[in-house]
Amino acid sequence: MKTLLGVLCAVLAAASVAAIFHTNGYILGLFVAALTIAGVALAWALLGNLGGMISLGHAAFFGVGGYASAILAKSAGWPVLLAIPSAGVVAAMASLVMLPILRLRGAYFALAVLAYAEVFRILATEASGLTGGAAGLLSIPRIPSGVFGLSDGIVAYSLVVGLVVLLAVCYDRVRRSYSGLALRAMQDSEAATSVLGVPVFRLKATMLLLSAFATGVFGAFNAHVIGFLQPDYAFSGDWSILPMVAAIFGGYRTVTGPIVGAIAIYLLDQLVFKNLVPQGHQIVLGILLCAMILFSPRGLVPIITRGRSAVSKDKDARHVAA
Amino acid sequence: MKRRLAFAVAALATMFWAAQSSAKEFNVGVHMPLTGGLARVGISMWQGIQIAANLFNDAEGGHNSVKLSIVDDESNPAKAVAAVEQMAPNVDAFTGGFGSNLVGPASETADRLGKAYVTGGAVADEIVARGLKGFFRVNNNQGYAKAIDGLTTDLGVKSLSILYSTKDATSNLAQQVAALAKKHSVNVTMHPFDSNTSDFKPLVNKIKLQDHPQMIMMSGYENDYVGILRAAQILKPDVKMMVGVYGLATEQMNKDFHDLVQNVAGTAVLSYPPIFKTDDGKKFAESFKAKFGKYPDYNAVYGYVAAQMLFAALAKVPNGDASLASLAAELRKTDAETLLGHVRFDERGDNPDFIQRIAQHQGDQLVLISPANAATGQVKLPGRSW
Amino acid sequence: MRDLLLQALFSGVLVGAYYTLITLGLAIVFGAMKIINVVHGDLVLLGGFMAYVAEQKLHINPVLAIPLSAIVVCIAAFVVYLLVSRIREDRELNSLMLTFGLAIIFGNLYLIVFSADIRSSNNAWFQQGVVIGDFLYSSRAQICTLVGGIAATVLVWLWLSRSRYGIAIRAVSSNREAAMLMGMNPRSAELLSFLIAALLATVAGAAVYTTAVIQPTLGYDITIKAFVITVLAGLGSVPGIMLASMLIGIAEALTATFASSALQDLIGFGLFLVVLVVRPAGLFGASGREA
């Protein structure tokens with residue numbers, strides 16, 4: 001029931017933020033952006049932790065999800081709330097073309113996903129009939145407002161909070177399940193687990209599809225919040241990198257880490273650093289990231305929860321001798 | 001658990017404090033890319049806007065005044081939207097914005113929040129096709145295309161090769177020029193290239209061996225021009241004129257790549273050294289030089305004129321009512337001669353009278369060669385540096 | 001048609017030489033330490049900016065100034081190495097993140113110091129065209145890069161296979177513990193690989209400054225390109241890197257000439273993916289990379 005407690009805490013925190021800031025569209029917008037990154041960070045961490053595959057190109061799924069949802073809602077007239085999950089499915093289907101690279105390890109897989117992201121970006125630029133080409137799509141239908149009499153800022157905010165919590169619960173569930181156990185065992189030795197009859201390839205593929213689906217959903221959500229898409233924006237390297245940095249910063253081996261990391265990094269950067277150092281605040285982000293890696297490689301969450309006993313379920317820290 | 005909650009509350013409180021801002025009267029919000037890839041352009045445009053505000057306040061002498069707030073959108077659409085949302089409660093209207101990808105979402109947000117948006121930084125076609133009642137712009141790709149087309153006609157060019165970067169504005173402009181050129185039976189060949197391209201020799205060689213054009217148009221940005229011109233200097237295609245668009249006919253390019261750009265033409269607003277024939281222009285140039293220590297470039301002019309139109313309308317709204325409907329109605333009455341030529345706004349918020357000019361690098365100067373009524377000198381042929 | 005094809009091949013080879021220079025450094029560090037040095041592209045860019053400073057501020061020929069630039073780049077690489085070597089656990093991922101953070105810092109520093117303007121060498125000698133047989137065109141700078149690329153490949157290959165330190169690096173990368181048992185100090189081997197990579201980056205920086213255009217945002221793109229070629233070539237073969245670079249260069253030039261230049265990157269990445277799927281060890285690689 002730890003999960004239920006966690007969900008209640010999250011909902012409570014989210015609700016208090018909404019209560020404090022509900023008239024301030026700017027701050028709400030910042031939270032929406034931060035939570036979008038948090039969602040992708042979670043999806044990325046899921047693939048990294050459970051699938052054992054670090055990806056440098058999650059923008060591939062984000063962009064596919066964004067375009068799919070935009071096209072469904074704008075050209076095919078689907079309701080936005082239906083288009084978003086459908087776009088997630090499209091993103092998952094797009095990840096099927098990545099099945100051949102699943103057997104690659106480490107840096108090779110990471111880079112291959114990046115290559116896919118670039119290929120998708122160029123295809124989106126060329127397929128101008130469908131995607132609007134380089135000009136992209138303007139005036140994408142927005143997140144519906146007026147639901148329960150709430151402004152569209154609050155609706156978007158609630159939606160993204162819901163999506164993040166849902167994903168976190170999903171992630172946690174999978175982690176604790178037998179599949180999760182198998183996946184973690186797999187990371188120590190794929191050969192051994194496969195000898196024991198664990199369907200290694202199928203499990204990895206499932207994680208890839210899940211991660212792609214989740215990322216696609218957040219990409220779709222973002223398209224309807226911003227109302228505009230271009231290939232350079234939808235498949236921008238930022239969507240691969242910021243979530244990764246956020247997850248690592250927050251602690252990517254935990255479920256709450258990526259969420260905390262994303263909110264911390266995004267809000268700190270936009271609200272504090274940007275006002276302190278207007279012309280170079282991204283440098284501060286770089287310095288923070290380096291400092292975090294050097295002094296607390298497990299991220300922010302372990303620092304916060306250091307009071308608790310640190311018997312972690314993920315004991316697979318690979319040490320470098322000497 | 002308690003500690004986590006305490007930490008969260010403390011964090012939230014800090015952020016709440018940081019977000020407080022104070023409200024002023026007759027305020028205008030500006031969002032520009034002051035960092036990131038578009039920084040140089042954004043800073044220049046912002047400088048033009050500031051001069052517009054200073055000159056307006058001086059002229060009004062305390063009767064009306066304009067106060068600017070600026071937020072850096074970091075060349076990022078989400079941050080442009082956030083900037084507009086941040087400033088909207090405290091401003092009456094928006095100006096600034098550079099790049100259709102930033103202006104698009106930002107102006108939609110402004111519209112949603114009931115604020116007018118006047119810009120000199122969004123030239124792509126789709127920007128005015130959205131039915132926004134409070135959106136206005138003083139320049140557009142059509143004006144650029146008309147300028148290039150005018151040059152084609154002036155020089156009697158019958159075959160044109162267009163190299164264009166596959167980015168939004170550059171490919172949009174390329175398509176428009178091609179459409180205009182075909183209307184007077186000019187033979188057009190199109191060659192898209194990826195913005196990462198650094199070696200243009202294969203492409204220029206293809207054009208040289210297959211197309212034999214009389215004029216080559218380069219629709220790209222500074223790094224593309226350097227690459228293309230370098231390749232052309234080595235391959236030496238026999239063209240009558242090389243013409244580029246954004247960012248080619250500038251003082252910066254003349255200084256940094258002097259020998260490379262000799263006799264090459266590009267779209268421009270001003271000659272260099274800039275010659276301001278009107279009082280408005282002279283005041284602008286002098287104030288700019290006094291405050292920033294250099295001559296204004298074309299981006300500064302765009303920022304200046306857009307802001308100028310907005311402030312003029314703000315001064316004239318009945319009862320100081322700067323709501324969207326009232327301000328938009330006032331802006332639609334605009335009918336002014338500006339540094340960009342004639343400005344008026346149609347129902348879509350576009351300025352149909354905008355025609356860009358063409359300047360040619362001649363020695364250390366930029367000479368306006370087209371259209372005839374704006375020319376400051378004669379064209380030098382062949383328009384190439386080899 | 002024949003002229004088009006030959007020029008495309010020639011251009012491809014010339015660009016391939018530049019790619020070789022940017023890739024060798026990354027490949028050495030990756031091979032030695034199994035880490036992706038994301039800041040490598042920014043070190044190349046640093047070499048480029050040093051060439052710019054040498055030419056425009058100090059009025060020294062950018063290529064002759066390479067030894068001076070190298071000092072700066074080596075110091076930067078040394079700092080990077082110091083930080084990376086402090087990582088204790090999960091080295092692969094954490095060094096990726098650390099070097100990534102460093103890349104953000106470097107990139108923004110360049111933006112602050114040099115502004116977003118593009119820079120390139122105006123040295124007339126370098127920009128002069130070289131025409132072979134009336135149909136093969138290049139610039140002198142590109143010919144120099146070709147010579148430099150080949151020379152670098154040969155030197156690195158000889159050094160890794162013959163010299164004491166080169167062999168030490170290969171030993172350490174192959175089996176760290178065994179190398180230690182044999183009395184080698186893995187840390188100095190790794191530091192050395194970083195410094196060699198810095199030297200190569202300096203030369204690559206001079207190459208990009210004279211043949212193309214540099215701007216502060218270029219660093220990450222260079223890293224990605226270098227890494228794609230490293231993986232395409234496969235580990236364990238230095239000449240393989242040069243061949244893979246040429247292959248990518250030629251593929252890009254052929255695409256630009258006969259299809260559309262807009263698809264250049266597509267071909268590069270597509271080729272990369274196809275090779276990875278069909279032959280995960282890379283085109284010329286030694287060991288298997290399967291699960």
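**View 1. Glu108(B) reaches across to Arg142(A) in a salt bridge, with 3.2 Å between the closest N and O atoms.** This pair crosses between chains, running from helix H4 (residues 100-112) of chain B to the loop between strand S1 (137-138) and helix H7 (152-176) of chain A. A salt bridge here is a side-chain nitrogen of Lys or Arg within 4 Å of a carboxyl oxygen of Asp or Glu; helices (H or I, at least four residues) and strands (E, at least two) are DSSP runs, numbered from the N terminus. Glu108(B) is buried, at 11% relative accessible area, while Arg142(A) is partly exposed, at 21%. Buried means under 20% relative accessible area, exposed over 50%, and partly exposed in between (1.4 Å probe, protein chains only). Please keep in mind that this is a predicted model, in which local features need pLDDT of at least 70 and side-chain atom pairs count only at pLDDT 80 or more, while totals for chains, interfaces and linings use all residues. Residues are numbered from 1 along each chain as its sequence is written, chains are lettered from A and ligands numbered from 1 in the order in which they are written, and side-chain values use heavy atoms, leaving out hydrogens and water.

**View 2. Glu108(B) also forms a salt bridge with Arg130(B), at 3.3 Å between the closest N and O atoms.** Here the link joins distant parts of the chain, 22 residues apart: Arg130(B) sits in the loop between strand S4 (116-119) and strand S5 (135-137) of chain B. Both Glu108(B) and Arg130(B) are buried.

**View 3. Arg91(C) and Glu190(C) form a salt bridge within chain C, their closest N and O atoms 3.6 Å apart.** Because Arg91(C) lies in helix H4 (residues 91-114) and Glu190(C) in helix H9 (residues 186-211) of chain C, the pair ties together parts 99 residues apart in sequence. Arg91(C) is buried, with a relative accessible area of 14%, and Glu190(C) is buried too, at 2%.

**View 4. A network of salt bridges links Glu118(A), Arg121(A), Asp232(A) and Lys167(B).** Over all chains, the count comes to 21 salt bridges.

**View 5. Chain B meets chain C through 27 residues of chain B and 32 residues of chain C.** Contact means heavy atoms within 4.5 Å. The two chains bury about 2,500 Å² between them, 55% of it on carbon and sulfur atoms; buried area is the accessible area (1.4 Å probe) lost when two parts are put together, summed over both. On the chain B side, Pro202(B), Arg230(B) and Ile234(B) lose the most area to chain C, together 23% of what that side buries. How many salt bridges cross the interface of chain B and chain C? The rule finds 1, and Asp117(C) and Arg40(B) meet in a salt bridge at 2.1 Å, N to O.

**View 6. Chain A and chain C come together with 44 residues from chain A and 47 residues from chain C.** About 4,300 Å² is buried between these chains, and carbon and sulfur atoms give 74% of that area. Across this interface the rule finds 0 salt bridges. Helix H5 (106-126), helix H12 (238-250) and helix H14 (281-295) of chain A each supply at least two residues of the side that touches chain C, and H5(A) gives the most, with 13 residues.
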